[in-house]
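Visitor: I'd like a quick tour of this model. Can you keep the terms simple?

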Amino acid sequence: MANAESPVGTFVGRAARRLTVRAALEGSISGVIAATALALAGWPARDAIFTPLAAGIVALVLGAATRLVLARPTRAAAARAIERAAPASRNVILTAFELDAGAAGAASISGVRAAEGRGAVASYVCQAVRARAADVLAGLDPARLFPARGRTVLALAALAAWLLAVSRATGGDVTGRTTAAAPMIDRVDVTVTPPSYTGRAASRVRNPDRVEVLAGSDVVLRLATNADSVAVTQADTAAPTVVTGDGRGAFSVRLRPRASGFVVLEPLRRAAAGDSGRAGPADVAGDRRLVVITVVPDAPPVPRIVAPGRDEVLPDGHGALDVAIEATDDIGLESLALRYTKASGTGERYTFVEGEVPLTVRRASATAWTARVHWPLDSLALQPGDIVVYRAVATDRRPGGAPVESDAFVAEIAAPGSVAAGGFALDPDEERSALSQQMIVLKAERLLAAQGRLGAAAAADSATSLSAEQRRVRAEFVFMMGGEVADASADTSMTDLNEEAEAAGESDLLAGREMNAGRVALRRATRAMSLAARDLDRVEVATALDHAREAVKRLEEAFAR
């Protein structure tokens, strides 16, 4: 053995350890590459007792051990390797190592045979060789002579390739599992892919109890199990659907839930004859998995007119409106517009013109837009008494999504003794007169069109509000005809009419006691208004619309007479 105090022996020992590490890394790389090839070939299988992880460890250890045996990184081999790595030493390091090792009579690697016996070598020559070797070693470093960084990186890359190959071959279960007699579900991976219009990436979660998905999303459940098949039961299905796997314990279940519910996953294995006391093969069920799926609807956009934000009475039709709009959505907006309805005429002879105002839209984000416009009213050719009802209309990116309107505001051209038509965003304390039945029809048509996208509560509130307006319109005509108000007191609402008295009055007219055809038509119009208000209270918008149109028809007959 070399002297432990000798600089040459110490350096050679460090080099030998360095070479041992390099050889182990080289062998490990070879073992991991072999394990990767076996994993890609499907060995070992997930159900095998010898798990994929154990196979990888064994291959790594065997590769490292085999390489160490073949390389034999001894101290003498290390000395020779140093001479090859540092040829400028001219074999002085190897010679000094042999002198320290006492290799008398052995064949020198340098090709010079030593004389028999240590005494044959002059002591001053040994000292000179050792001194020269020490000077040479002072400028050397084992880490630089035998770098291991490249082999370390290569070993890590091989290990990553092995993990990827095993994950693909076993569905991510690198450690494998214990083979059980009863079927069981090892793992449930849920992948949720939102609708393409959202632009959102797919999300993945493992073994969830509850999953929240956007309406229209695709849901894929990937199961790892030792079962032969899986029974899938959904909340809206009476009988389970049996799904078979790929033969390696992997199952996929694809869903597109329309409403919130649940999915029950039950693993099944084909039992051998005589199991469970049965005469022949039968399905043996294992532990169930329950996954609750909550479907979140795509919320409609919310447009809002923030300026002027009130009804306007203009002195003439040559003015302008500065309109500012805001719109938001939970996912993304598709369009934003400012639409108007011009109403011209008197009494029940109204004409309506629809139009749209060009906007300058600023998109702060996909979910928040703003718009402004300076809107001259000259092009509308407004006359005294005309009104313009305007509202913001927004749509989101959802295919087939209905446009959503904001609250409507009114711009009225002043006329002597006139006020804005009722039913549009007027101050509830402001006196309203000459309310138009045609406006009720227009609003009922819009409510009927929007009823499908409104919730039950919102539709009921809108219908109730429109019913109140219908009663107010009816009250105007009843008062015009001299109708009665039930219990006329300070606390009585002007729309609480004496229905019995009105019905009796109509009966008198129809019986010929009042043969004025105009008043008969008015009576029938107010009766149709009552029926429309009743149906609106019941949220029967379609039927109410028919009665409201009947009222318009009767009013036109009355005014014509």
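Guide: Start with one definition: helices (H or I, at least four residues) and strands (E, at least two) are DSSP runs, numbered from the N terminus. This is a predicted model, where local features need pLDDT of at least 70, side-chain atom pairs count only at pLDDT 80 or more, and totals for chains, interfaces and linings use all residues. Residues are numbered from 1 along each chain as its sequence is written, and side-chain values use heavy atoms, with hydrogens and water left out.

Visitor: How many helices and strands are there in the chain?
Guide: The chain has twelve helices and 20 strands.

Visitor: What share of the residues count as buried?
Guide: 42% of the 561 residues. Buried means under 20% relative accessible area, exposed means over 50%, and partly exposed is in between (1.4 Å probe, protein chains only).

Visitor: Let's pick a residue. Where does Lys342 lie?
Guide: In strand β14, residues 333–346. Lys342 is buried, yet has no salt bridge. A salt bridge is a side-chain nitrogen of Lys or Arg within 4 Å of a carboxyl oxygen of Asp or Glu.

Visitor: Which side chain of opposite charge is nearest?
Guide: Asp386, at 4.7 Å. For charges, Lys and Arg count as positive and Asp and Glu as negative; His and the chain ends are not counted.

Visitor: What does the side chain of Lys342 reach?
Guide: The backbone oxygen of Leu380, at 2.6 Å. That is a polar contact: a pair of N or O atoms within 3.5 Å; within protein, one must be able to donate a hydrogen and the other to accept it, and residues adjacent in sequence count only if both atoms are side-chain atoms.

Visitor: Which residues does Lys342 touch?
Guide: Leaving out residues up to four places away in sequence, they include Phe352, Ala381 and Val388. Contact means heavy atoms within 4.5 Å.

Visitor: Tell me about Ala381. Where is that one found?
Guide: In the loop between β17 (368–376) and β18 (387–396). Most residues other than glycine have a negative phi.

Visitor: Why does Ala381 count as partly exposed?
Guide: Because its relative accessible area is 47%.

Visitor: New topic. Where is Ser217, and is it buried or exposed?
Guide: Ser217 sits in the loop between β3 (210–214) and β4 (218–225). Ser217 is buried, because its relative accessible area is 1%. A polar atom of its side chain lies 2.7 Å from the backbone oxygen of Leu214.

Visitor: Last one. Which residues does a cis peptide bond join?
Guide: Ala307 and Pro308, with omega about 0 degrees. Most peptide bonds are trans.
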